Amino acid sequence: MTTLPNAQTPKRPSLSFTCDYNEGAHPEILRRLIETNMLQEDGYGDDQFSHSAKEKILQAVGCPDADVFFLCGGTQTNATVIAALLQPYEGVIAAETGHIAVHESGAIEHGGHKVLTLPGHHGKLCPEELKAYLLRFYADATWPHQVIPGMVYLSYPSEYGTLYTHAELSAIHDICQEYHLRLFVDGARLGYGLANNACDITLPQLANLCDAFYIGGTKVGALCGEAVVFPQKAPRHFFTTVKQHGALLAKGRLLGIQFDTLFTDDLYFRISRHAINMAMALRDVFQRQGIPFFIDSPTNQQFPILTTAQMEDLKEKVKFEIWEPLSDGRVVTRFATSWATTKEQIEELEKIIRGEE
């Protein structure tokens with residue numbers, strides 16, 4: 001490889017708020033992985049750590065007879081659960097901004113299931129609009145010739161950091177029951193949804209309102225992995241479906257140890273609350289500079305609105321996400337905190353915004 005004269009590698013910003021999985025894993029998880037490294041255990045999740053983690057999760061969700069499975073990542077989890085719960089001729093309803101509709105490279109459609117999108121209201125489905133859609137669908141005499149809705153997919157929190165209230169989730173659950181739809185909740189950031197003051201739903205209540213959900217690890221302190229919970233038992237041969245979708249780790253202990261650690265001494269929720277506290281501190285930084293927000297998000301995702309000049313100046317020193325342009329030329333951006341965000345990073349961000357660095 002020839003290096004051009006005077007060529008310089010572009011300097012990358014050292015401060016990043018692009019997502020909640022920039023860092024590796026919580027130190028306690030790394031300690032446990034090292035501590036147990038030389039122990040011999042059976043594979044595919046049939047190890048002591050996975051069994052222990054499942055028992056702790058069953059206790060946390062208040063469903064002693066539920067089924068729990070550990071999968072390797074979020075996209076694999078969404079694709080696997082949807083494939084297992086739907087018939088080949090069924091589709092899944094999601095908000096037009098839903099993760100499966102936008103940011104999973106067509107993984108659901110690749111598995112043979114159409115994503116049926118409805119308007120998203122700051123990331124959320126409206127129960128009344130869901131009911132109206134289903135009424136229109138079955139009022140059409142040709143509905144047997146169409147992709148039949150078989151599931152409703154929600155993210156908690158949504159892709160805009162917003163939360164469904166208990167009343168909204170209950171309304172959607174009731175509609176699903178009426179129309180024989182499965183309700184699946186994507187919990188990639190579940191800890192950040194449940195750990196803030198705006199949340200009015202508990203983990204057991206969530207389990208009682210859906211057919212399947214998952215507890216995200218990748219974005220909440222783990223190296224990787226998601227814990228899928230089926231409160232009313234898993235579909236038949238779900239383990240085999242997991243393997244077909246490439247979501248099964250031979251060294252299942254790696255996921256078991258991580259979730260066993262996360263659900264010991266309330267670690268999962270303690271680190272989630274830390275991320276929320278850092279997000280509120282981050283929000284204060286922007287507000288002190290008179291920078292408005294697109295929505296009032298109570299979670300670890302914050303959406304400040306920047307002018308083009310502000311955005312160009314800031315991105316030289318800080319990494320963040322460009323979310324969507326506004327009609328007046330300004331841009332909605334996303335800044336995400338995580339279990340690993342520090343007060344020092346927030347303070348550094350404020351100095352940069354104030355032009356002190």
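Reader: Which residues does Tyr214 touch, not counting residues up to four places away in sequence?

Author: Tyr214 touches Gly74, Thr77, Asn78, Phe184, Val185, Asp186, Gly187, Ala188, Leu190, Glu226, Ala227 and Val228. Contact here means heavy atoms within 4.5 Å. This is a predicted model, where local features need pLDDT of at least 70 and side-chain atom pairs count only at pLDDT 80 or more, while totals for chains, interfaces and linings use all residues. Residues are numbered from 1 along each chain as its sequence is written, and side-chain values use heavy atoms, with hydrogens and water left out.

Reader: Where does Tyr214 lie, and is Tyr214 buried or exposed?

Author: Tyr214 lies in strand β7, residues 212-216. Helices (H or I, at least four residues) and strands (E, at least two) are DSSP runs, numbered from the N terminus. Tyr214 is buried, at a relative accessible area of 1%. Buried means under 20% relative accessible area, exposed over 50%, and partly exposed in between, with a 1.4 Å probe and protein chains only.

Reader: What separates the C-alpha atoms of Tyr214 and Ala188?

Author: A distance of 7.0 Å, with the two residues 26 apart along the chain.

Reader: Changing topic. How many residues are in the largest nonpolar core?

Author: That core has 63 residues, and Ile57, Ile93, Val152, Phe213 and Ile215 have the most contacts inside it. Helix α12 (residues 267-288) gives the most to this core, with six residues. A nonpolar core is a set of buried Ala, Val, Leu, Ile, Met, Phe, Trp, Tyr and Cys residues joined through side-chain atoms within 4.5 Å. In soluble globular proteins, nonpolar side chains tend to be buried together.

Reader: And which residues does Ile93 touch?

Author: Leaving out residues up to four places away in sequence, the contacts of Ile93 include Leu116, Leu130, Leu134, Val152 and Leu181. There is also a second, separate core of 25 residues, which includes Phe69, Ile82, Ile100 and Val242.

Reader: Helices next. At what angle do α6 and α7 cross?

Author: The axes of α6 (residues 127-139) and α7 (residues 166-178) cross at roughly 15 degrees and come within 9 Å. That makes α6 roughly parallel to α7. Angles under 35 degrees count as roughly parallel, over 145 as roughly antiparallel, 65 to 115 as roughly perpendicular and the rest as oblique. Axes are lines fitted to C-alpha atoms, for helices over the stretch in contact, and angles run from 0 to 180 degrees between N-to-C directions.

Reader: Which residues make the contact?

Author: Pro127, Leu130, Lys131 and Leu134 of α6 make it with Glu168, Ala171, Ile172, Ile175 and Glu178 of α7.

Reader: How do α1 and α11 cross?

Author: The axes of α1 (residues 27-35) and α11 (residues 253-262) come within 9 Å and cross at roughly 135 degrees. The two helices are therefore oblique to each other. Glu28, Ile29, Arg32 and Leu33 in α1 meet Leu254, Ile257, Gln258, Asp260, Thr261 and Leu262 in α11.

Reader: What about the loops? Which residues does a cis peptide bond join?

Author: Tyr156 and Pro157, with omega about 0 degrees. Pro157 is found in the loop between β5 (148-155) and α7.

Reader: What is phi of Lys233, and where does Lys233 lie?

Author: Phi of Lys233 is near 85 degrees, a positive value in a residue other than glycine. Lys233 lies in the loop between β8 (226-230) and α10 (238-244), and is partly exposed at 48% relative accessible area.
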